[in-house]
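Please look through the structure below before reading on. The text then walks through a few of its side chains.

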Amino acid sequence: MIIDNHIHLNAGGYDETAVQACLSLMDQAGIDRAVYLMALGGGGPDPAEEDIRASNDIGLELLRRHPDRFAGFCYLNPAHDAEFSLAELDRCVAHGPMRGIKLWIAVHADDPRLDPIMRRAAELDVPVLHHAWYKADQFVFNESSPSEIATLARRHPDVTIIMAHLSGCGPRGVLDIRDCPNVLIDTSGGQPVAGLVEYAVDRLGADRVVYGSDWPIRDFAVQRARVDGADLTPEERALIMGGTMARLLKLEGAR
Amino acid sequence: MTHLEDWSAWTGTWPFGLARTLSMRDLLAAMDRHGIARAYVSPLAAVLAEDPMVANAALAEAIPQGDRVRLTPVVNPTLHGWERDFDGIRQRRDVTAVRLLPTWHGWGPESPCAGDLLDRLAGMGCTPVVQLRMMDERSLPPFIRLPAVDAAAISSWVAASPEVTTAVCGAYAAELPAFAEATNAWLDLSFVESRDSRSTAREVLPNGRIVFGSLMPLLDAAVVLKKHGDLR
């Protein structure tokens with residue numbers, strides 16, 4: 001099963017036409033299931049509580065209509081009152097169909113305001129996907145570096161963290177998380193830098209690298225080609241393209 | 001595009017990131033692997049050097065006989081005497097394309113050296129290749145501060161020489177519309193990506209204006225090829 005762990009839909013309410021277009025492109029690229037993370041454009045880098053609810057409502061409707069093609073993560077802003085975030089986690093994960101948590105750029109990953117969310121992730125046994133990027137400039141709001149992800153991971157070793165954007169994190173980012181066995185990296189985003197997927201697999205192991213596209217910012221087929229074309233064994237490729245995510249999402253039949 | 005030509009192939013060493021050093025032998029092997037019939041090849045060392053001619057001369061020595069790999073010297077038109085140096089290269093090897101890197105070499109369409117540059121290169125029998133970018137600017141080291149790519153200005157400059165077919169490599173998807181009216185511009189897809197890259201390119205450019213540029217060894221050529229799909 002090919003699982004894309006990193007897609008978005010646009011804010012503004014659930015749009016079945018847009019979802020059908022997404023499914024068509026998934027079919028063309030041979031993607032069996034995709035993980036919806038958050039709505040693009042919904043509240044910007046520091047979304048309000050209503051933006052968070054609206055983004056998650058889109059995910060819940062998506063999972064209600066297409067439970068076999070999508071999975072969902074609950075989008076949160078750690079700057080909000082923890083009571084709100086924990087209630088949203090209850091709504092979407094504990095009592096809903098979502099299987100993980102998405103954190104973006106509202107606060108840095110090493111901020112203690114993440115702690116209540118991380119503790120609840122451990123209780124629910126769900127992964128947390130966190131945006132990360134190493135940049136020389138053009139930082140966006142409170143964008144996290146891979147080293148901040150590593151700090152978070154050491155503080156919460158019982159939570160699986162998926163650090164997003166291999167190309168953005170680069171070799172330095174891979175090395176930052178190397179000694180944090182609870183951190184995986186996804187292949188989404190950035191240019192198809194030659195050799196980077198192989199570098200991550202060599203340093204982390206194939207079971208700590210997962211395929212993601214960042215669609216619709218990126219292209220399912222093009223991002224998939226980064227893994228398909230990498231110098232990997234069939235077993236390594238199978239883990240990256242869905243084996244590991246099937247286990248994290250607790251999909252039936254996953255080992 | 002059954003006869004696949006690569007308009008953005010490079011040899012040598014790139015100091016930023018993971019890109020491995022690509023020798024001429026490596027390049028030829030990669031061309032075989034990806035089904036590339038011909039490559040317009042430039043030296044990576046010429047990007048970072050103010051004077052690219054030393055790197056051009058070294059590449060001229062390494063290029064094999066035949067038509068499969070075409071020497072594509074990098075020209076910095078801000079340098080006094082670049083034409084003399086370029087003539088020296090042309091006397092040693094057949095040259096049918098020239099690569100220009102405005103942002104890396106500190107000039108732009110408004111610079112005096114840009115004036116009739118495209119027409120002059122065409123007059124020498126060379127296709128100008130404008131390389132807009134080499135990598136995601138956000139990942140460049142802090143000591144390198146390049147001016148932002150001004151796609152509209154580049155497009156206007158190219159369009160002002162309508163008889164000169166000019167290849168433009170390294171545009172982002174969001175920059176493609178700026179080139180829609182410059183009908184003498186060919187664009188590569190090395191940096192183009194969107195929700196549906198092929199459709200995005202098709203919406204802006206007819207097939208005849210889309211060329212392949214791998215940006216080997218910085219990017220994975222197989223991934224760039226995927227963007228072309230049935231445009232090939």
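This is a predicted model: local features need pLDDT of at least 70, side-chain atom pairs count only at pLDDT 80 or more; totals for chains, interfaces and linings use all residues.

Residues are numbered from 1 along each chain as its sequence is written, chains are lettered from A and ligands numbered from 1 in the order in which they are written, and side-chain values use heavy atoms, with hydrogens and water left out.

Start in chain A with A:Glu143, found in the loop between strand 6 (128–130) and helix 5 (146–155). Helices (H or I, at least four residues) and strands (E, at least two) are DSSP runs, numbered from the N terminus.

Which side chains make polar contacts with that of A:Glu143? One is the side chain of A:His131, at 2.8 Å, and another is that of A:Lys135, at 2.9 Å. A polar contact is a pair of N or O atoms within 3.5 Å; within protein, one must be able to donate a hydrogen and the other to accept it, and residues adjacent in sequence count only if both atoms are side-chain atoms. A:Lys135 also lies over the face of A:Trp133, 5.5 Å from the ring centre. For such a placement, NZ of Lys or CZ of Arg must be within 6 Å of the ring centre and within 35 degrees of the ring normal.

Now turn to the rings. Rings of Phe, Tyr and Trp (its six-membered ring) pair if their centres lie within 6.5 Å; planes under 30 degrees apart count as stacked, over 60 as edge-to-face and the rest as tilted. B:Trp7 and B:Tyr40 are stacked, because their ring centres are 3.9 Å apart and their planes stand at 10°. B:Trp7 belongs to strand 1 (residues 5–11) of chain B and B:Tyr40 to strand 2 (residues 38–43), so the pair ties together parts 33 residues apart in sequence. B:Trp7 is buried at 5% relative accessibility, and B:Tyr40 is buried at 6%.

B:Tyr172 and B:Phe191 form an edge-to-face pair, because their centres are 5.8 Å apart and their planes at 75°. B:Tyr172 is partly exposed at 22%, whereas B:Phe191 is buried at 2%. B:Arg133 lies over the face of B:Tyr172, 3.8 Å from the ring centre.

Key
Buried means under 20% relative accessible area, exposed over 50%, partly exposed in between (1.4 Å probe, protein chains only).
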